[in-house]
Amino acid sequence: MRGGLLVALCVGLGGCKCGSGAALDGAAPWLDAAADVSVARAPELEELWTRAKDGDDDELARLAAAEGERGLEERATSGAYRATALRAMAFTPGFSALAGLGAAAQSGTDEEARAAVESADAIAARKRAQVDLEDHDELMGGCAALLETAKDAKRSREIRVGAVRALRMLVDYGCVTREAIPADVDVGAPAPSK
């Protein structure tokens, strides 16, 4: 289903660089460059992006509701909108945003990774009766990327702790085992002195 949606998006966007392998200007390596971010948005939607840039939860939730996960992912291909898009993904339903958030935590800049683990943490903290089958691949991919981030000694302790915290809440969904989560980053312990 995701592939069909992506093809429909690419056909509808005419100027899309689908399959070209060309990265968008300023795009992070973890982003899929399948969307043309130059597509104009309604002024009301642009206003939502402007208001959400400050990181207010209410504004981010409004933005997520208006754009949906696809719109947020599309805007995340632009450096000017990337951090806001990653923060707004905390307010998307289901687990489908976890794959992109995990990838951003693993490969993004420190600011992107911090925003990604905070959003992953918020998604993981929500209680669900069951996992939407359509989100299974994204859940598994997100957990795998968050696990790599948690194990990455080159990442800051803050980012690794955020990944560990999200993973601990995701254990019940079967995408990671408690034993696989690194114990060298204890969420409750103070940072080691240098």
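**A tour of the aromatic pairs**

Begin by selecting arginine 75 and tryptophan 49: arginine 75 lies over the face of the tryptophan ring, at 5.3 Å from the ring centre. A charge sits over a ring if NZ of Lys or CZ of Arg is within 6 Å of the ring centre and within 35 degrees of the ring normal. This is a predicted model, in which local features need pLDDT of at least 70 and side-chain atom pairs count only at pLDDT 80 or more, while totals for chains, interfaces and linings use all residues. Residues are numbered from 1 along each chain as its sequence is written, and side-chain values use heavy atoms, with hydrogens and water left out.

The structure holds 2 aromatic pairs (rings of Phe, Tyr and Trp, the last by its six-membered ring, pair if their centres lie within 6.5 Å; planes under 30 degrees apart count as stacked, over 60 as edge-to-face and the rest as tilted). Tryptophan 49 and tyrosine 81 form an edge-to-face pair, because their ring centres are 5.3 Å apart and their planes stand at 75°.

Now colour by accessibility (buried means under 20% relative accessible area, exposed over 50%, partly exposed in between, with a 1.4 Å probe and protein chains only). Tryptophan 49 is buried at 3%, whereas tyrosine 81 is partly exposed at 25%.

Finally, select phenylalanine 95 and tyrosine 173, whose ring centres are 4.8 Å apart with planes at 65°, so this pair is edge-to-face. Phenylalanine 95 is buried, at 1% relative accessibility.
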